[in-house]
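My entries follow the structure.

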Amino acid sequence: MSEKTVLITGGAGFIGSHLCRRMLNEGNRVICLDNFFTGRESNISELRKNPKFSVINHDVELPYSFYADEIFNLACPASPPHYQRNPVSTYKTSIFGAIHALDLANKWNAKVFQASTSEVYGDPLVHPQPETYWGHVNTIGIRSCYDEGKRGAETLFMDYHRQFNTRIKIVRIFNTYGPMMNKNDGRVVSNFIVQALRGEDITIYGNGQQTRSFCYVDDLVEGFCRLMNTGDDITGPVNLGNPGEFTMLELAEKVLRLTGSKSKLVFKDLPQDDPKQRKPDITKAGEVLGWQPRIPLEEGLKHTIEYFKKEI
């Protein structure tokens with residue numbers, strides 16, 4: 001396989017750092033572009049030893065210019081506490097970040113990949129969610145900076161493709177977890193594991209019956225690579241996630257059992273616009289990519305718990 005130059009925006013983030021590692025392992029040159037708003041140096045510190053790896057501290061709201069054969073646009077805060085901390089910047093990151101990635105792709109005739117999200121479906125009225133579903137999204141809620149930013153980015157990708165023949169790929173990421181998660185990111189898997197390991201109360205929002213589907217990060221990255229390696233006629237969007245569906249109470253019980261924690265469950269009000277159900281229809285990923293997740297939730301949780309034991 002010939003060496004490629006791969007640009008990964010948000011490369012120091014949770015998913016981005018796993019993708020950087022995968023691309024390096026395949027023998028590519030990797031440029032990690034990150035402003036470290038939520039990305040962490042610890043996620044990529046060992047990768048710096050590789051002479052094919054370079055790190056550029058840059059905010060994708062501003063233009064940039066590097067040669068690349070492939071561009072993975074992952075830059076954006078992805079957990080509610082982080083993207084709500086500076087909602088205007090979150091929206092600008094999605095929109096300007098998409099424009100700058102697309103313009104660079106056009107300059108070099110590179111493939112460009114957009115990491116979109118299941119949040120484009122909002123609080124869905126269709127279950128499970130196929131790519132043909134247009135969503136049920138509040139445009140003016142506290143989650144809108146992220147939801148609508150990602151929807152706008154998808155619009156830009158498709159319009160660049162139609163107008164300029166830009167070589168695009170779009171995935172919609174459902175809940176993903178694994179090592180390199182930030183223990184303070186506010187996502188449910190990291191919250192539960194950290195609280196359990198510390199012996200703190202496990203915080204359940206609402207009655208705990210809302211559902212999510214949890215995909216282990218290695219499975220997700222495999223899906224990224226398979227989509228990027230398809231021909232130019234395959235643009236997406238493609239759902240990537242694990243269709244196993246669990247309530248928040250079921251997840252909490254698994255974490256308590258696997259950690260051996262004696263933590264108690266406490267219940268708080270459900271946040272505004274929090275989806276009641278979230279489960280991907282991955283039929284398209286199976287047909288187009290031959291992809292399906294391989295790591296069951298319990299196995300993935302064990303790996304993630306071991307990582308957090310070292311972290312805290």
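I noted that the contact (heavy atoms within 4.5 Å) involves residues including F14 and I15 of α1 and V217 and D218 of α7. By class, this contact has nine nonpolar, one polar and three charged residues.

The model is predicted: local features need pLDDT of at least 70, side-chain atom pairs count only at pLDDT 80 or more, and totals for chains, interfaces and linings use all residues. Residues are numbered from 1 along each chain as its sequence is written, and side-chain values use heavy atoms, with hydrogens and water left out.

I looked up ring pairs (centres within 6.5 Å; planes under 30 degrees apart are stacked, over 60 edge-to-face, the rest tilted), and the count comes to 10. The rings of Y177 and Y216 have centres 5.6 Å apart and planes at 65°, so this pair is edge-to-face. Y177 lies in strand β7 and Y216 in strand β10, so the pair ties together parts that are 39 residues apart in sequence. Both Y177 and Y216 are buried (under 20% relative accessible area, with a 1.4 Å probe and protein chains only; exposed is over 50%, partly exposed in between).

How values were computed: Helices (H or I, at least four residues) and strands (E, at least two) are DSSP runs, numbered from the N terminus. Ala, Val, Leu, Ile, Met, Phe, Trp, Tyr, Cys and Pro count as nonpolar, Asp, Glu, Lys and Arg as charged, and the others, Gly among them, as polar. Rings of Phe, Tyr and Trp (its six-membered ring) pair if their centres lie within 6.5 Å; planes under 30 degrees apart count as stacked, over 60 as edge-to-face and the rest as tilted.
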